Amino acid sequence: MFDFFNVKKSYENVSADAFKKLFDEHPNAVILDVRTKEEFKQGAIRGAVNLDLIGGSFKQEIAKMDKDKTYFVYCRSGNRSGQACKLMGDLGFKNLYNLSGGIMNNTF
């Protein structure tokens with residue numbers, strides 16, 4: 001029988017403080033902003049790479065990325081970035097952190 005409550009996530013949801021602290025501990029990590037280009041232009045975390053989750057080519061673009069790197073993923077509210085982390089985990093990425101609450105509830 002499948003237990004929905006024991007499904008292991010391939011990523012960790014972290015607070016803004018933990019997101020910043022962990023990023024400082026991983027100097028070669030990538031900050032991935034999965035919002036639209038329009039949202040990204042309105043303001044983003046410094047150094048972030050924009051890859052729109054709903055833009056149509058997300059899976060193709062992440063398939064080209066280094067699965068062994070550490071990725072810090074965020075969006076506006078934390079929903080799309082959680083979806084992105086799930087997709088990335090399914091493709092074999094191991095070091096994924098999702099910003100809980102997204103940037104709308106956090107300051108950088």
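**Exercise 1. Find which residues of strand 2 (residues 30-33) are buried on each side.**

Solution. Start with one face: Val-30 and Leu-32 are buried there. Buried means under 20% relative accessible area, exposed over 50%, and partly exposed in between (1.4 Å probe, protein chains only). Strands (E, at least two residues) and helices (H or I, at least four) are DSSP runs, numbered from the N terminus.

A word on the model: it is predicted, so local features need pLDDT of at least 70, side-chain atom pairs count only at pLDDT 80 or more, and totals for chains, interfaces and linings use all residues. Residues are numbered from 1 along each chain as its sequence is written, and side-chain values use heavy atoms, leaving out hydrogens and water.

**Exercise 2. Work out how many bridges join strand 2 to strand 4 (residues 70-74), and to strand 3 (residues 49-50).**

Solution. Two strands pair if DSSP finds at least two bridges between them. With strand 4 there are 4 bridges, and the two run parallel; Val-30 has Tyr-71 as its bridge partner. With strand 3 there are 2 bridges, again parallel, and Leu-32 stands opposite Val-49.

**Exercise 3. Decide whether Asp-33 and Arg-35 are buried or exposed, and find what joins their side chains.**

Solution. First, Asp-33 has a relative accessible area of 0%, so Asp-33 is buried. Next, Arg-35 is at 6%, so Arg-35 is buried as well. Finally, their side chains meet in a salt bridge (2.7 Å, N to O), that is, a side-chain nitrogen of Lys or Arg within 4 Å of a carboxyl oxygen of Asp or Glu.
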